[in-house]
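Student: Can we go through this one together? I'd like to start with what counts as touching.

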Amino acid sequence: MNIDRRRNLGPANVKPLVFAESAPAKQDPDTRVFLETGLIQNCNGSSYLENDKTIIITSVYGPRPNFTRSFNDQANLKINVELSKFLPLDNFKDNQKNIVPDKDRLVSSLESFLLSNYQSLILLQNYPKSSIEIFVQVVALNPTHSLLYTLKNILNSVSVALVDSGLNIKAIACSGYSGSDSHETVVNFAAKDEILGIWSDFQDFDSTFDQSIDACENDSAQLRKEINGYLLKKATKNAS
Amino acid sequence: MVLSTAEKSYIYESLSGENTLRTDSRKYNEFRPLKAACSFVPNCNGSSRVYTADGIECITSVKAKVVKTKDLANLIAVEVDIEGQRDNSALCLDLSALLQRSLVNNFDYEILRLTDKYYFQIYVDVLILSVPGDFKNSSYTLYSLLSLISMGSYLALKSCKLPLLTSTTNDREIEEEPSFADDWELATDLIPESSEFQPVLVFVVGLVGSNVIIDPSLDEEQVLENGVCIGYSQGNIVPPIQSVALSTVDGKPFDRKTLAKATGLVKEIGQPVTQALDAILSEEVDEYGSVF
């Protein structure tokens with residue numbers, strides 16, 4: 001039996017409705033960074049980092065005596081991340097998937113990643129029976145910044161605050177970011193080819209993975225030059 | 001076990017030496033023996049129990065619910081609970097987030113699709129029993145549980161059975177609520193055998209010197225310099241590729257060669273581990289079934 005399906009399918013020459021793109025066009029992030037150290041007086045070291053409307057404040061407290069355990073042969077490192085209320089976290093999606101992570105889970109992921117990074121950087125053995133606490137506050141966030149791009153800013157902010165605190169560290173860490181439509185990678189470098197931590201959501205793992213680490217290394221080297229220049233300028237200014 | 005400085009130095013030297021010597025005489029690419037069973041929780045769609053020789057046990061259940069949604073990423077919910085830890089402790093939250101992220105990023109949503117409008121939403125609940133007693137005094141962390149948890153979720157997802165859909169799969173023109181067969185004998189697999197999709201497995205790799213070791217034991221974790229978790233699915237490295245803190249002692253940076261070694265190791269062992277887990281799935285479970 002022939003069924004007339006025209007009512008369901010519509011005329012043959014129909015054109016589909018197309019709505020204008022509602023999401024803002026993706027722009028290359030502004031990589032310029034404003035950096036200032038030592039703004040907070042009551043802590044051992046602090047930094048203020050501003051990058052394209054994202055503002056991150058880091059303060060380092062310690063080494064402070066720690067008597068919670070019977071014996072600590074090295075310092076106990078604690079990291080606390082605070083995302084201010086009403087931050088636009090919509091762009092903190094995982095990869096290309098439309099999932100906005102739970103804020104508590106996000107914070108603990110960031111904290112544990114930072115911990116794994118800075119445990120390898122700070123000479124914790126030089127501070128027995130003590131604790132070192134690092135507080136990171138994301139005060140403002142550019143809505144177009146992704147999770148990993150913000151993570152890069154956080155890592156750099158913590159690294160500079162650690163230099164300001166005068167704690168014994170192995171090197172000045174500097175992180176680099178590489179991102180495209182399909183993947184994002186952040187690598188924190190202590191020096192050339194010395195990786196403190198990596199966070200990558202690389203879907204198609206092949207030779208381009210190496211290229212993305214190369215891109216991170218270049219980004220970090222460029223930033224390192226700027227940061228070293230700033231720190232040196234500040235140190236010579238203080239000395240004179 | 002809390003290790004003395006001399007013990008730590010001894011283990012470190014043996015692990016970082018030319019031929020990696022591990023405390024339990026495993027090879028660098030060898031897992032500790034573990035046992036597993038599937039489909040033993042009667043009121044879940046899929047379940048698994050994975051336990052190691054040292055008594056750490058991971059019970060995973062998968063439950064499915066029919067939802068009307070367009071937002072595919074919210075179809076997978078993961079919750080990890082660890083005995084003796086609060087639900088909102090950093091460890092539980094972070095392990096949940098890591099597992100959820102790895103599943104969401106590497107999932108074939110087509111297998112959850114019922115009709116054009118209706119999908120199955122799956123809840124993966126993980127419970128870790130018997131955490132080592134000296135956990136609070138030692139310098140290791142429990143992030144190494146990640147590989148155990150991911151194996152548990154792999155088995156639970158693969159053993160997940162769903163009722164047979166009897167209504168039409170095409171509701172593009174007329175909305176129709178899906179209806180299912182009452183007979184559980186007709187139940188279908190969430191991941192059909194014909195499908196190439198495999199749930200992601202996350203491996204924890206310890207880095208020490210220029211050496212890499214898979215599945216670090218708690219003693220080894222105390223001397224490791226760094227740790228990375230790496231996802232594996234269908235013969236490929238998949239996200240997450242992420243550093244994890246395996247201990248609270250200070251570590252060292254690693255170079256790109258070591259990172260490449262770690263990904264190579266996961267690529268090498270991914271296939272045998274998948275085969276071993278698939279062999280467990282094909283075994284008939286009667287151990288628990290006979291009880292009821």
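Tutor: Two residues are in contact if their C-beta atoms, placed from the backbone, lie within 7 Å. This is a predicted model: local features need pLDDT of at least 70, side-chain atom pairs count only at pLDDT 80 or more, and totals for chains, interfaces and linings use all residues. Residues are numbered from 1 along each chain as its sequence is written, and chains are lettered from A, with ligands numbered from 1, in the order in which they are written.

Student: OK, what does B:F203 touch?

Tutor: Leaving out residues up to four places away in sequence, B:F203 touches B:S147, B:I214, B:C229, B:I230, B:Y232 and B:V266.

Student: New topic. In what order do the strands of the open sheet run?

Tutor: The order is β6(A)-β7(A)-β8(A)-β11(B)-β10(B)-β8(B)-β9(B), 7 strands with antiparallel pairing. Strands (E, at least two residues) and helices (H or I, at least four) are DSSP runs, numbered from the N terminus. Two strands pair if DSSP finds at least two bridges between them.

Student: Which strands stand at the edges?

Tutor: β6 (174-179) of chain A and β9 (211-214) of chain B. Each has a single partner strand, so one side of each has no neighbour in the sheet.

Student: And how many bridges join β7 and β8 of chain A?

Tutor: β7 (residues 184-191) and β8 (residues 194-200) of chain A pair over 6 bridges, in the antiparallel sense. A:F189 has A:I195 in β8(A) as its bridge partner.

Student: Which strands does helix α2 of chain B touch?

Tutor: Helix α2 (residues 90-105) of chain B packs on the sheet, touching β8 (201-208), β10 (226-233) and β11 (236-243) of chain B.

Technical notes. Axes are lines fitted to C-alpha atoms, for helices over the stretch in contact, and angles run from 0 to 180 degrees between N-to-C directions.
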